[in-house]
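Dear colleague,

Please find below the structure that I am handing over to you, together with its sequence. My findings follow directly after it.

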Amino acid sequence: MNITLKRLSFCIFLFSLFLFSTSIFAQGKRITGKVTDPAGAGIQGVSVKAKNANAGGTTDETGTFALTVPQNVTSLTFSYVGFTTQEVALRDQSTINIQLTPSGSQLTDVVVVGYGTQRKREVTSAVTSVSAEEFNKGNVTNVAQLLQGKVAGLSISRPGGDPNGGFAIRLRGLSTLGANTQPLVVIDGQVGADLNSVDPNDIASIDVLKDASAAAIYGTRGSAGVLIITTKRGTSGPPKVSYNSAVTAEVPAKFTDHFSAEEYVAAGGVNFGSNTDWNKEISRTAISQTHNLSLSGGANGTTYNASVNYRDNQGVAITSGFQQVNARLNLTQRALNNKLVFNLNLTNSRRTSSQAFSEAFKYATIFNPTAPVRTKNPLNDLSGGGYFESNFVDYANPVAVLEQNKNSQTVKRLNVQGSAEYEITQGLKFLVRYSQQTFNNFRTALLPRTSFHSRNFLNVSGFARNGYAMKGTDENFNQLYENTLTYDTKFKNLSVTALAGYSYQSFLNQGTSIGAGNFITDVTADNIGTALDLKNGLANVTSYKNASRLAAFFGRLNFNYQNIAFVTLTARREGSTQFGANNKWGMFPAASAGLDLSKLFTIPTFSNLKVRASYGVTGSLPPESYLSLSTFVADPNREFYAGNGSWLAVYGPNRNANPDLKWERKAEFDIGLDFALLDNKMTGTFDYYNRNTSDLIFNVAVPVPPNLANRTWKNVGTLSSSGLEFALKYNAIQKSNFSWETGGNFSTYHVKLSALSADIAPGSYIGETNLGTPGQEATQITRAYAGEDIGLIWGPVYKGLDQTGKYLFDDGKGGTTKDENTYRTLIGKGLPKFEFGWTNTFNAGNFDLNFFIRSSIGHDLVNTYRAFYENATVVSAYNAVKTKYYDPAVKDGQKFSSLHVEKASFVKLDNATLGYNFSLSKAGPVKSLRAYVNGQNLFFITNYTGVDPEVRYSDNGNALAPGVDRRETWVRTKSFTLGVNVGF
């Protein structure tokens with residue numbers, strides 16, 4: 001606590017000094033001008049900065065600029081991608097007009113790496129930078145959508161159109177079995193930041209650290225890669241106001257195919273006389289709106305950028321959606337002749353969402369199509385709620401599920417970060433940073449007394465419990481304190497940059513939940529204290545609290561010999577309280593080198609040809625705290641009499657201690673090639689990598705005795721993977737009134753569970769998952785074997801039907817059998833063989849057009865709808881699924897097999913945008929105006945019969961079980977957006 005107070009006091013001191021320093025600077029001088037290309041056309045977006053001062057701006061659509069700089073500034077620098085950076089001396093002139101010379105090279109672009117930046121030419125690791133201009137457009141509500149398909153090796157997937165659903169993010173496949181399968185997120189230097197804490201509109205660029213040598217500086221959490229997000233900051237000059245607004249219409253693109261009412265009755269289903277389209281009853285055209293207002297500018301050493309974002313998003317399922325408000329403030333203050341730089345970043349957001357119920361689309365598929373939505377017949381209104389219901393397992397009126405029940409949450413996020421950097425002497429800088437992140441989630445569920453079926457949600461029924469309510473809250477709080485010391489120097493032809501640092505981070509997670517039923521009236525359900533379950537001892541009350549700490553020392557050396565040869569050496573030693581007593585600390589080294597061959601040899605058509613190689617080690621944390629310790633829990637089946645009519649629970653061990661639990665270690669080798677040719681019109685990168693993750697952390701079954709409990713967390717095995725990545729960009733046409741730029745990326749990877757320790761019996765498997773209710777709870781569909789690829793779909797091989805309509809399966813001996821359990825083998829693979837993305841951008845006059853095509857090839861999916869319901873024999877209780885594989889000759893009960901595993905490769909038009917930039921008078925208040933129309937998920941090319949062929953990278957959190965298309969997946973959607981961008 002004392003340490004935290006000291007840090008907080010120091011931050012308050014820094015902030016006070018920041019405010020004081022804003023008032024001690026003299027008035028600057030005004031500079032205006034225009035930047036043109038060799039043809040005399042103005043260049044929009046050129047960066048204009050005062051040398052050795054925090055003052056600058058960008059040119060408008062005509063190439064003109066205006067900025068205020070301190071009196072002591074002696075020169076301005078002008079830089080723009082594709083042109084040579086120029087420095088112009090300031091004398092007494094107030095107007096500067098210059099012409100930039102095309103270079104075509106992006107080697108001077110700045111790339112953000114761990115705890116610093118590098119010029120692109122100096123980067124010796126696998127790093128990809130994506131600017132705001134390259135982001136995906138349209139109704140983008142999550143940062144992950146900005147990058148989808150844009151980076152080779154970065155796979156991003158969210159099957160279905162749930163507006164509250166999260167995205168699975170995988171960088172170069174799977175590198176751990178634990179909780180850290182997603183990349184580490186760093187926002188403006190805040191390590192471990194929440195990706196959802198920043199609005200997509202506020203992001204200036206995202207840098208992706210792909211290999212271990214780039215990520216090793218982050219140690220324990222770098223195994224899955226790193227996403228470094230840089231938010232928009234202000235530049236010196238008059239205030240600039242921008243307003244962006246968009247309205248989106250989203251519609252279901254595909255539902256699961258099933259029997260019509262006529263087909264259902266013909267197959268023997270009970271006819272209640274109606275013809276109900278249940279999918280139509282629970283879906284809608286969802287209208288969403290987004291508004292973004294930002295203010296930026298600066299003077300006298302102070303720059304700022306403030307923004308407010310509002311989103312009101314409907315989901316295509318009735319009652320679903322969210323409302324979100326996000327505010328961000330970035331402040332920078334320079335003092336003491338620019339030697340001292342303060343930064344303050346504040347972010348606050350509140351999101352209220354109606355989660356709805358994912359089971360509704362399942363019930364819309366299988367509910368009797370001849371049943372009405374509502375009824376007054378007491379034989380069918382089983383709960384008195386006025387909805388038609390039938391009493392079958394995992395079966396409910398989908399309209400009632402959505403309209404009667406409430407499932408909502410309110411999420412609040414607060415991020416505070418402050419830093420101060422002081423240049424002690426030329427090239428030597430010391431930085432101190434403190435940040436804290438708070439996450440609060442308040443969850444509410446209300447199931448009224450007339451809610452007949454809600455068993456898949458909370459595993460209770462409102463009708464059976466006379467009303468049921470659940471309220472819960474979760475809080476995550478972490479603090480980060482870091483110091484870094486950097487030194488830049490040069491020895492003749494050798495430039496050296498040294499970095500040393502210390503990092504300390506603490507985490508606290510806690511929460512409570514209470515669920516209770518038996519209300520006198522539903523009106524009081526929000527007051528859970530009125531539930532009679534509390535009085536009768538039937539309420540379910542839980543709470544938790546856990547904490548952990550990380551401490552690390554790290555360093556890096558960068559060498560640059562005449563922009564020809566480059567070497568980077570990195571090391572991080574890190575300790576965590578989450579590991580066993582004997583293995584608290586780990587060491588994570590890395591080394592990389594690059595050589596620009598174009599500086600040594602004259603290679604026809606090539607203007608840049610850099611080869612690079614790297615090796616690094618990163619780590620991975622356990623899924624949660626205290627896994628190395630023995631824990632005890634109450635046994636619900638055992639209690640003892642304590643007298644006076646009281647019974648007390650008996651506690652027993654549920655996990656054994658393991659003082660030797662240690663870090664997972666991923667060792668990765670990467671070799672790459674960066675090139676530019678055809679006068680720099682074409683640029684690209686190529687990477688090959690090979691990596692091994694050893695000491696995988698897994699929950700292993702152990703014998704009792706000698707162990708107290710039957711489970712122990714141990715280091716049990718090794719994952720190995722390799723892959724190729726290729727990215728290419730080509731500036732095909734560049735004229736004054738027309739341009740075309742095209743680019744693409746391709747990646748392939750192969751992941752294998754290469755070994756398991758002696759704790760797991762030879763020939764056995766881990767990571768299995770089953771099909772589920774109804775009736776197939778024990779039907780296993782995935783597993784992972786040592787020596788085999790990740791993503792094995794396992795089961796019997798379908799061989800057809802016999803003369804009576806019974807299923808036949810391969811017996812493993814060259815014959816067939818009716819027993820699906822006789823022989824089971826590999827029947828599919830859940831991970832793709834390769835993925836690619838292709839983007840095109842056209843500019844013609846004031847019009848611009850961009851479209852993006854994305855594809856995943858070679859993965860299979862278990863179509864669980866077909867596995868449960870594609871059979872006319874199910875109509876006694878459920879409607880039948882009817883795809884191209886439906887066979888009316890089947891007279892057998894449902895049995896899972898290779899028949900229900902489908903090739904799910906796809907190509908899709910992911911995103912397309914057509915925009916128009918209006919020509920405006922310079923004298924007016926509006927400086928820029930752009931209108932656009934955008935479409936997302938416009939078409940799919942696929943043979944998959946399910947609603948969405950997107951890759952499923954895990955199954956309910958099980959990373960060893962990709963490839964399962966669960967029935968709870970929302971329908972696929974497509975959307976159309978009309979938007980406007982206004983600059984003042």
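In this predicted model, the second largest cavity has a volume of about 150 Å³. Its lining is made up of 16 residues, and those closest to the centre of this cavity are Gln-118, Ser-125, Ser-213, Ala-214 and Thr-568. Four elements each supply at least two residues of this lining: helix H3 (212-215), strand S26 (540-561), strand S27 (565-576) and strand S28 (585-596). By residue type, the lining of the second largest cavity divides into six nonpolar residues, nine polar residues and one charged residue.

How many cavities of 30 Å³ or more does a search of the whole structure find? The search finds nine. The largest cavity holds about 430 Å³ of space. It is lined by 27 residues, of which Gln-145, Arg-158, Phe-167, Gln-936 and Asn-937 are the closest to its centre. Strand S50 (906-917), strand S51 (928-942) and strand S53 (972-983) each contribute at least two residues to the lining of the largest cavity. The largest share, four residues, comes from S53. The lining of the largest cavity consists of five nonpolar, 13 polar and nine charged residues.

As background, nonpolar side chains in soluble globular proteins tend to be buried together. The largest nonpolar core here has 41 residues, and the members that touch the most other members are Trp-278, Ile-282, Phe-361, Leu-402, Tyr-869 and Phe-896. Helix H5 (278-282), helix H6 (359-366), helix H7 (398-404) and helix H9 (864-869) each supply at least two residues of this core. H6 provides the largest share of the core, with five residues.

Which residues does Ile-282 touch, not counting residues up to four places away in sequence? Its contacts are Val-316, Ala-317, Ile-318, Ala-360, Phe-361, Ala-364, Pro-398, Val-399 and Leu-402. There is also a second, separate core of 23 residues, which includes Val-140, Leu-147, Ile-203 and Ile-206.

Finally, a word on the domains. The protein chain is divided into domain 1 (27-99) and domain 2 (110-234). The centres of domain 1 and domain 2, taken over C-alpha atoms, are separated by 32 Å.

Yours sincerely

Definitions and conventions. Residues numbered from 1 in each chain as written. Predicted model: local features only at pLDDT ≥ 70, side-chain atom pairs only at ≥ 80, totals over all residues. Heavy atoms only, no water. 1 Å grid on protein atoms, 1.4 Å probe; cavity = no way out; pocket = protein on both sides within 12 Å on 5 of 7 lines; lining within 4 Å. Points joined across faces, edges and corners; volume = space filled by probe spheres on them. Nonpolar A, V, L, I, M, F, W, Y, C, P; charged D, E, K, R; others polar. Core = buried A, V, L, I, M, F, W, Y, C linked by side-chain atoms within 4.5 Å. Buried < 20%, exposed > 50% of the residue type's maximum accessible area, 1.4 Å probe, protein only. Contact = heavy atoms within 4.5 Å. Domains from an automatic or database assignment.
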